[in-house]
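Work through the exercises below with the sequence and the model side by side. Try each task before reading its solution.

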Amino acid sequence: MLTPAQFKSVLTKPIKASSAEITLLAIPNSEQHPRLGLTVAKRFVKKAHQRNRIKRIIRDNFRLHQHELPPIDIVVLVRNGVVEMENTDLHKLVEKLWRKLNRRYNG
């Protein structure tokens, strides 16, 4: 997702899946595939290389699991504590959140 309007639409009445470090908000879309939007605030992740690492890992994980997701727009919000996570732990957490989001959408 690219435009502020697309992000804003997801923030109204979303389906939520969250952990202490990451929150996923989603709404159904009219496309045939899921779309992803990322917000990694400078307030929580100070250094650019750390923000880029987090975004890269989440994007990569989304690419690997997008075929399992329904056609939804997802906004990923990152909070405190995610900087200290190892790459493998971050991958596992995001995978768990995809599954939770899928259950909430279908259930």
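The model is predicted, so local features need pLDDT of at least 70 and side-chain atom pairs count only at pLDDT 80 or more, while totals for chains, interfaces and linings use all residues. Residues are numbered from 1 along each chain as its sequence is written, and side-chain values use heavy atoms, with hydrogens and water left out.

**Exercise 1. Work out the strand order of the open sheet and how its strands pair.**

Step 1. Helices (H or I, at least four residues) and strands (E, at least two) are taken as DSSP runs numbered from the N terminus, and two strands pair if DSSP finds at least two bridges between them.

Step 2. β1 and β2 are antiparallel, with four bridges between them, and S18 stands opposite T23 in β2.

Step 3. Strand β2 (residues 22-28) is also antiparallel to β4, to which seven bridges join it; here A26 has I74 of β4 as its bridge partner.

Step 4. Strand β3 (residues 35-40) pairs with β4 in the parallel sense over six bridges, and G37 stands opposite V75.

Step 5. The four strands of this open sheet therefore follow the order β1-β2-β4-β3, with mixed pairing.

**Exercise 2. Describe where α2 and α3 lie on the strands.**

Step 1. α2 lies across β2, β3 and β4 and runs at about 160° to β3, whereas α3 lies across β1, β2, β3 and β4 and runs at about 150° to β1.

**Exercise 3. Find the residues that touch the most other members of the largest nonpolar core.**

Step 1. A nonpolar core is a set of buried Ala, Val, Leu, Ile, Met, Phe, Trp, Tyr and Cys residues joined through side-chain atoms within 4.5 Å.

Step 2. The largest such core has 25 residues, of which I22, L24, I58, I74 and V76 touch the most other members. β2, β3, α2, β4 and α3 each supply at least two residues of this core, and its largest share, six residues, comes from α3.

Step 3. Another core, of six residues, lies apart from the largest one and has M1, V10, I27 and V75 among its members.

**Exercise 4. Is M85 buried or exposed, and what is M85 in contact with?**

Step 1. M85 is found in the loop between β4 (72-78) and α3 (87-106).

Step 2. M85 counts as buried because its relative accessibility is 15%.

Step 3. Leaving aside neighbours within four places in sequence, M85 is in contact with E21, R53, L90 and L93.

Conventions. Buried < 20%, exposed > 50% of the residue type's maximum accessible area, 1.4 Å probe, protein only. Contact = heavy atoms within 4.5 Å. Axes fitted to C-alpha atoms, helices over the stretch in contact; angles between N-to-C directions.
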